[in-house]
Amino acid sequence: MNHSRNGVKRSHLLLTLFLMTAVLAACLPTRQATPIPATQTPVPSPTVMPPLAQMPELSWWQQGTLYELFVRSFYDSNGDGIGDFKGLTEKLDYLNDGNPETTSDVGVTGLWLMPIFPATSYHGYDITDYMTVNPDYGTMEDFKAFLAAAHQRGIRVIIDFVINHTSIHHPWFESAVKDPNSPYRDYYIWSQTDPGYVGPWNEKVWYQTARDDFYYAVFWSGMPDLNYRTPEVRDEIKKITTFWLKDVGVDGFRLDGARHLIEDGKDQVNTPETHAYLKEFNALVKSINPQALVVGEVWESSFSVVQYIKDQNMDLAFGFDLSTGLIKGLNQADAKRMGNSVSFETNLYPDNSMATFLTNHDMNRVSNQLLGDVGTMKNAAVLLLTSKGVPFVYYGEEIGMFGAKPDEQIRTPMQWSSADRAGFSTGGKAWMGVNSDYKKINVELQSSDAASLLNLYRALIQLRQKTPALLVGSYRWIDTGTSQVYAAVREYQGQVILILINLSDAAVSEYAVNLDLNQPGGKYTTESLLDGASLADLTLDDNGAVKGFQPIAELPAYAHLIIQLRPAQ
């Protein structure tokens, strides 16, 4: 949301985790990609891939993992120092090569592109033209070629849709400022005098023009809010929405600042009119493409966010409270706090409607928040990708990139290799300086290390996609009797997955797992799904319960187990 404003850890033990051994790559699960219906693709003959998870009752976004990226910072194909669509196309095989037999790609099945429209600022959230692409990134033909290549690999693409406001340099606003009788005057919100009230964060929201009148802008003077009480504004948004879905062929939208769309005087967020409009918008999207995704940014408490889902305003909404709970629990090595947070937050939302994440482009990167502790960053990945919801990964998170406010520093170029400019660009200078640690933290180095953070992300994403219980199963946190060990169980149609994580930098043997499952009694074998190792068996009583289970007698520091229980043959 802060698009224009600059908005006692354990000792750092860089330990190799017990279960992440050199056999990891050979044991990684494969996954399948979902075909893109031909009607969604503006180019002919996309490669048809097998069904993603053999669960046709689910939407595509409920069956995979999405990846947020900043085109400007992802990969520069022409040496001008700015990432572009051609560069993004070149790196698609890193994200998902479309071949379910390989494990060298990350395996994400959807991309969220931060704004790709022409804009006044580097970040793109102050748009000057909704009907084309930012020339810094290439042409519309370049974008369509990228979209076709993504679809051929089974990757869906959603774009950041910034419809709460425009740039002050958008032709609509320039006309409205210049001429009070302009047909675009009512596209914005005006007052002859300063109403005097402030915004949701006690910020200034009314700004004076050279004509001595005032316009409303909730985020910044350079981004005036659109007036959705004007029918012509709604018509414009309908035209723009139709163009991107039907003519270009994107797979949906991330709605920026969704809670701010329609104000009612001092009541500036979550108004009934905002809810009503978003329901109308979602219906419009589905009328054009029933498979298109609408995910909303409602930076608010979960109690408010959930209402947007219940009102059918959007398919998914981001779980900001869960992000906070996960990071606090990890930093404090407090399994109970984290378990309560995950259990409460994910069960508060209707099934498959929470967009889960660790951090995004408006937040200090998770590596900074976890103080660079590699073991804890790995545990963060396990928590994100084994919990309920639809996970989103912020670019660079999978290799542990660092970045802290101001915003430019959390949107730095992707670190591909130890080459100059981190392999991001072959030109003389990148648009933003790369992090100084790029020779130690990059994709190339971690790809060859079976125990790396990157390879753990690859394993987890691909495991999640082929495991229905991790996609849509029930979730129940388990108190292990120690704050250092987190445990949870997920069940779906007879499939039982137990997640066990040592949050601390020391081995733990004093823990116990008490299971109460919806399964018949009897003996069960266990298997570690990350490396295929056999663990201790267990026997459920006639009520499907067992007390004091330990799949391994001592959990090494930062160990994480994802265990499947199967009835013994």
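Residues are numbered from 1 along each chain as its sequence is written, and side-chain values use heavy atoms, with hydrogens and water left out. Because the model is predicted, local features need pLDDT of at least 70 and side-chain atom pairs count only at pLDDT 80 or more, while totals for chains, interfaces and linings use all residues.

The account begins with a sheet. Helices (H or I, at least four residues) and strands (E, at least two) are DSSP runs, numbered from the N terminus, and two strands pair if DSSP finds at least two bridges between them. Three strands form an open sheet in the order β4-β6-β5, and their pairing is antiparallel. Its edge strands, each pairing on one side only, are β4 (190-191) and β5 (206-208). Strand β6 (residues 214-216) runs antiparallel to β4 and is joined to it by two bridges. Within β6, Y215 is the bridge partner of W190.

Aromatic residues come next. Rings of Phe, Tyr and Trp (its six-membered ring) pair if their centres lie within 6.5 Å; planes under 30 degrees apart count as stacked, over 60 as edge-to-face and the rest as tilted. The whole structure holds 41 aromatic pairs. In one of them, the ring centres of F173 and W190 are 5.8 Å apart and the planes lie at 5°, so this pair is stacked. It links distant parts of the chain, since F173 belongs to helix α6 (residues 171-178) and W190 to strand β4, 17 residues apart. Both F173 and W190 are buried, where buried means under 20% relative accessible area, exposed over 50%, and partly exposed in between (1.4 Å probe, protein chains only).

Another pair, W206 with Y216, is edge-to-face, with 5.5 Å from centre to centre and 65° between the planes. This pair also links distant parts of the chain: W206 lies in strand β5 and Y216 in strand β6, ten residues apart. W206 counts as buried because its relative accessibility is 5%, and Y216 is buried with a relative accessible area of 1%.

W190 has a charged neighbour as well: the charged end of R185 sits over the ring of W190, 3.7 Å from its centre. A charge sits over a ring if NZ of Lys or CZ of Arg is within 6 Å of the ring centre and within 35 degrees of the ring normal.

Helix α9 (residues 302-310) has S302, V305, V306, Y308 and I309 buried. Seen down the axis of α9, these residues fall within an arc of 150°, so they line one face of the helix; the arc is that of the directions from the helix axis to the C-beta atoms. On the other side of α9, F303 and K310 are exposed. The buried residues of α9 pack against α8 (272-288), β9 (316-318), α10 (320-331) and α11 (335-348), contact meaning heavy atoms within 4.5 Å.

Helix α8, with 17 residues, reaches 25 Å from its first C-alpha to its last, close to the expected 24 Å; the expected span is 1.5 Å times one less than the number of residues. Its buried residues include Y277, L278 and F281. Among the elements that cover the buried residues of α8 are β3 (156-161), α7 (231-248) and α9.

Finally, I155 lies in the loop between α5 (140-152) and β3. With 0% relative accessibility, I155 counts as buried.
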